[in-house]
Amino acid sequence: MKKLTMATGLLTATALTVALAGCSGGSGDAGDGKTIRVAYQTTATFDQMQTLMENAKKQYEAAHEGMTVELVPIQAEGADYYTKLALMNKSASTAPDVQYEDTFKIQSDAAAGYLLPLDDYLAKWEDWSQFAEGAKQAGLGADGKTYGVSLGTDTRGLWYNKAIFANAGISVPWQPKTWADVLSAAEKVKASSPDVVPLNIYSGKAAGEAASMQGLEMLMYGTEDTLYDTDSKKWVVGSQGFKDSLQFVSDVYQGGLGPSLQQALDPNIFTSVTADWLPSSKLAIAIDGSWQSAAWVDGGTAPWPEWSDALGIAAMPTQDGQAPGTTSMSGGWTLALGKNSKNPDAAWDFLSTAVNKDNATAFSIDNSQIAVRADVAESPEYLDANPSFETFSGFVATTHFRPATEDYDKISNQIQVAMEAVMTGQSSVSDAAAAYDQAVIGIVGEENTQKG
């Protein structure tokens, strides 16, 4: 989740083909079975995949004489990355053999025919027993087959600036008990430090999945309601929790407690938060992920040696402090095989190299991930690497996951539309919620919804 912007427009098929040829990691043709094409995301604050892929390429090529790994970094923020990856997959001539796949895209991409089931490979892979059950579940398609191998998971919470809090008279360590406590702290910051953004919660279409997950879902799963009923397998519409979550977003943006609309709707807001606002003490509270510190550590994209002293971390409270008291959201990314691969056995060998113990340890540390391999999670090298690991790992106890359905991607887009409508004041909370309900019914059918 982490991001750099290459261009505002989407690449055309022709431009993408040219780009693929230009950024190849080798001289072979990916259709000849001797070249493995690997597509992945890089951004202004996320170059850890580049490091992982370069290391895996060296290791793989050294062990497989005559084979070449063609690295295809896609420099794009959130939704732009998904679109460009989908464009690659639409043609066998540009489709990757291995791709960096967000867990929430697995079901829809598998259904679209982009991904190859991994079950036959996993059955013979000794390392698979090291992976946590939750990480295995994250790679499943709607058909019950596995399509992705997890690189790590994450949690979300509240990063806060201790000095700004001190100036506002807020005691630290800080652990709000309710949403009202979070908004109260933001109000105090606004009064004491008018040049500081009191609170950032991602919202609107430009923020993409970060708006849905770090934004509305961090709120929604702290209410008495849910987005999707896993027992009935129906989407929930008309819930008070959804309206209350939108009201929180409205309170932040219409109440002058968040970034300006121009800042919030800038696709580069992720870079602003990570590389500028937090290190420069321009932001007091960020509802954000466990991976943030990856940019600040030595060797990161925005080194900030003082980060662990300057910032505190709090769990996101439930709406009214009801049990279990706190909430979080977890996601993560996988490596997957492309269904159009001319040499899937070789592609699997590369994938399994990239996620072996040593590479997984390095990536989990470099990218501030919550490790999903037991042999990594228990290693002193990992445990001692980052002072935030223990705190964010503790949020796993009350975390939630996005609905694992083929329709989630489309519904997530409607969440972002609703959020943008209330943050900009274009719609009331009730109207935006009603429009969301109708959009969900239109996507899945009324028979697949239930009243909250």
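Predicted model: local features only at pLDDT ≥ 70, side-chain atom pairs only at ≥ 80, totals over all residues.

Biologist: Okay, in what order do the strands of the 5-strand open sheet come?

Modeller: The order is 2-1-3-13-4, and the pairing is mixed.

Biologist: Which strands stand at the edges there?

Modeller: Strand 2 (68-75) and strand 4 (148-152). Each has a single partner strand, so one side of each is left without a neighbour in the sheet.

Biologist: And how are neighbouring strands turned against each other?

Modeller: By 30° on average, direction ignored.

Biologist: What packs on that sheet?

Modeller: Helix 14 (residues 344-354) does, and it touches strand 1, strand 2, strand 3 (98-102), strand 4 and strand 13 (333-337). The direction of helix 14 makes about 160° with that of strand 13.

Biologist: How many bridges join strand 1 to strand 2?

Modeller: There are 8, and strand 1 (residues 35-42) runs parallel to strand 2. If you want a pair to click on, A39 has V72 in strand 2 as its bridge partner.

Biologist: Back to helix 14. At what angle does helix 2 pack with helix 14?

Modeller: About 120°, with the axes 9 Å apart. Helix 2 and helix 14 are therefore oblique to each other, and their crossing is right-handed.

Biologist: Which residues make that contact?

Modeller: On helix 2 they are L52, M53, A56, K57, Q59 and Y60. Helix 14 brings A346, D349, F350, T353 and A354.

Biologist: Let me pick on K57, then. Is K57 buried or exposed?

Modeller: K57 sits in helix 2 (residues 48-63). Its relative accessible area is 14%, so K57 counts as buried, the cut-off being under 20%.

Biologist: How far apart are the C-alpha atoms of K57 and F350?

Modeller: They are separated by 7.7 Å, though the two residues are 293 apart along the chain.

Biologist: New topic: strand 5. How many of its residues are buried?

Modeller: Strand 5 (residues 156-161) has 6 of its 6 residues buried, so call it mostly covered.

Biologist: In which sense does strand 5 pair with strand 9?

Modeller: Antiparallel, over 5 bridges, with strand 9 covering residues 283-289. Strand 5 also pairs with strand 10 (residues 311-314) in the antiparallel sense, over 4 bridges.

Biologist: What does Y160 stand opposite in strand 9?

Modeller: I285. In strand 10, the bridge partner of Y160 is G312.

Biologist: Let's do helix 19. How do the axes of helix 9 and helix 19 cross?

Modeller: At roughly 70°, and the axes come within 9 Å of each other. That makes helix 9 roughly perpendicular to helix 19. The crossing is left-handed.

Biologist: Which residues are involved in that contact?

Modeller: From helix 9 you have E209, A211, S212, G215, L216 and E217. Helix 19 puts in Y408, S412, I415, Q416 and M419.

Biologist: How many residues of helix 19 are buried?

Modeller: 12 of its 16, so helix 19 is mostly covered. The buried ones include Y408, I411, I415, M419 and V422.

Biologist: And what covers those buried residues?

Modeller: The cover includes helix 9, strand 8 (234-237), helix 10 (240-254), helix 11 (261-264) and helix 20 (429-444).

Biologist: What span should helix 19 have?

Modeller: 16 residues at 1.5 Å a residue should span 22 Å, and the end C-alpha atoms of helix 19 are 22 Å apart, which agrees. Just after helix 19, G425 takes a positive phi of about 80°.

Biologist: You mentioned strand 8. What is the strand order in the sheet of 3 strands?

Modeller: That open sheet runs 7-8-15, with mixed pairing.

Biologist: In which sense do strand 8 and strand 15 pair?

Modeller: Parallel, over 3 bridges. V236 has Q450 in strand 15 as its bridge partner.

Biologist: Which strands does helix 20 lie across?

Modeller: Strand 8 and strand 15, with helix 20 running at about 160° to strand 8.

Note on methods:
Residues numbered from 1 in each chain as written. Heavy atoms only, no water. Pairing = 2+ DSSP bridges. Helix = DSSP H or I, 4+ residues; strand = E, 2+ residues; numbered from the N terminus. Axes fitted to C-alpha atoms, helices over the stretch in contact; angles between N-to-C directions. Contact = heavy atoms within 4.5 Å. Buried < 20%, exposed > 50% of the residue type's maximum accessible area, 1.4 Å probe, protein only. Parallel < 35°, antiparallel > 145°, perpendicular 65-115°, else oblique. Left-handed = near helix turned anticlockwise from the far one by under 90°. Expected span 1.5 Å × (residues − 1).
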